[in-house]
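Open the model in your viewer and keep the selection panel at hand. Each stop below gives a selection, then what is there.

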Amino acid sequence: MFDRRLIQNFDWILLILLILIGAVSVLNLYSATYAIRDTGGSQIFLKQIYWFLIGFGVLLLMTTFDYHILERLAYPAYFFCIGLLVLVLIVGDVHSGSQRWLRFGGISFQPSELTEYQLRDLWQPFLYIAIPCFLIIREPDLGTALTLVIVCFSILLFVKIRLKSLVILTITSISAAPFIWYNLQEYQQRRILTFLRPDMDTLGAGYHINQSKIAIGSGLLWGKGYLKGTQTRLHFLPEQHTDFAFSVLAEEWGFIGSAGLLFLYLLLIFWGINIARSSKDRFGSILALGIVAIVFWQLVVNVCMVTGLLPVVGIPLAIFSYGGSSIISIMAGMGLLMNISMRRFMFQ
């Protein structure tokens with residue numbers, strides 16, 4: 001029987017924050033694709049709206065069941081995603097030198113987005129993370145693998161793992177750096193080397209970040225105005241509707257607009273942490289924190305990447321960058337977060 005208290009405890013604040021970020025994303029994407037609106041840009045814009053509509057539908061769907069059922073499905077879900085990652089390496093589509101996508105009919109999606117939400121048995125975190133990370137790096141997708149590792153460590157800190165165990169995991173992860181470097185593609189190695197030496201290849205591996213810095217810096221305090229970003233309109237800024245969408249916003253809306261978007265994300269993250277802290281069961285708290293950690297670290301890595309504080313690793317800005325699989329997977333996570341928030345009263 002449906003419990004009416006679920007509707008009474010519906011988390012409207014979380015939904016409003018997601019709608020606001022989504023609205024800014026759609027407006028920004030329209031500007032990012034405005035110059036090519038007659039040659040495919042309008043299609044990208046409309047697709048983003050469709051993905052958001054589907055994403056909000058998935059969000060509402062994820063609130064309709066008791067989230068504790070996921071604890072029993074953890075292992076099947078984990079191995080299902082491992083199977084998808086293996087399938088990607090065998091028959092996945094290749095885009096920009098990376099084999100990350102599976103195609104079913106006219107729809108393609110990125111399974112590495114799904115692995116970020118899997119429930120991990122915390123007494124064996126390193127093993128459970130190492131397997132998907134290895135497969136994701138082989139695609140290659142260094143950014144998603146990096147996010148998985150950071151999210152895992154965030155959860156371990158939250159559950160108060162012993163300092164000795166944390167040190168061992170940290171040392172083990174650092175010692176794996178040569179292995180990771182060996183498995184990187186040549187273009188990924190060049191990006192890291194260019195980050196260490198920005199003047200090494202300004203027209204090659206360093207082109208993305210140099211153009212991004214120009215776009216962000218030229219926005220100054222108030223920006224150049226909506227649809228008036230020269231780096232965007234002249235397409236000097238690569239991947240301006242995906243990984244570098246934040247650069248488009250910064251050029252047109254300046255520091256004020258960028259700070260406004262970051263403030264919305266800050267509210268979303270703090271609200272999610274509040275849900276994790278107020279959850280009445282351990283599983284709900286860990287699950288909520290894992291979801292929030294994914295959004296937080298994607299935000300940190302993406303913004304640092306486009307401003308030159310980190311190498312270019314191909315991490316989109318959650319909810320903001322264009323991409324169907326990213327939006328739907330994040331919205332599924334937000335639906336679980338709302339699920340946890342709505343069911344807190346059951347354990348009081």
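This is a predicted model: local features need pLDDT of at least 70, side-chain atom pairs count only at pLDDT 80 or more; totals for chains, interfaces and linings use all residues.

**Stop 1: the salt bridge**

Select Glu 251 and Lys 224. The two form a salt bridge, with their closest N and O atoms 3.0 Å apart. Glu 251 sits in helix α14, while Lys 224 sits in the loop between α12 (207-218) and α13 (230-233), so the contact ties together parts that are 27 residues apart in sequence. The count for the model is one salt bridge.

Now colour by accessibility. Is Glu 251 buried or exposed? Glu 251 has 0% relative accessibility, so it counts as buried. Lys 224 is at 28%, so it counts as partly exposed.

**Stop 2**

Select Phe 255. Its relative accessible area is 53%, and because the cut-off for exposed is over 50%, Phe 255 counts as exposed.

**Stop 3**

Select residues 41-61, helix α3, and residues 324-342, helix α16. At what angle do α3 and α16 pack? The angle is about 25°, and the axes are 8 Å apart. Angles under 35 degrees count as roughly parallel, so α3 and α16 are roughly parallel to each other. Look along the pair from the side: the crossing of α3 and α16 is right-handed.

Key
Residues are numbered from 1 along each chain as its sequence is written. Side-chain values use heavy atoms; hydrogens and water are left out. Buried means under 20% relative accessible area, exposed over 50%, partly exposed in between (1.4 Å probe, protein chains only). Axes are lines fitted to C-alpha atoms, for helices over the stretch in contact, and angles run from 0 to 180 degrees between N-to-C directions. Helices (H or I, at least four residues) and strands (E, at least two) are DSSP runs, numbered from the N terminus. Angles under 35 degrees count as roughly parallel, over 145 as roughly antiparallel, 65 to 115 as roughly perpendicular and the rest as oblique. A crossing is left-handed if the near helix is turned anticlockwise from the far one by less than a right angle, and right-handed if clockwise. A salt bridge is a side-chain nitrogen of Lys or Arg within 4 Å of a carboxyl oxygen of Asp or Glu.
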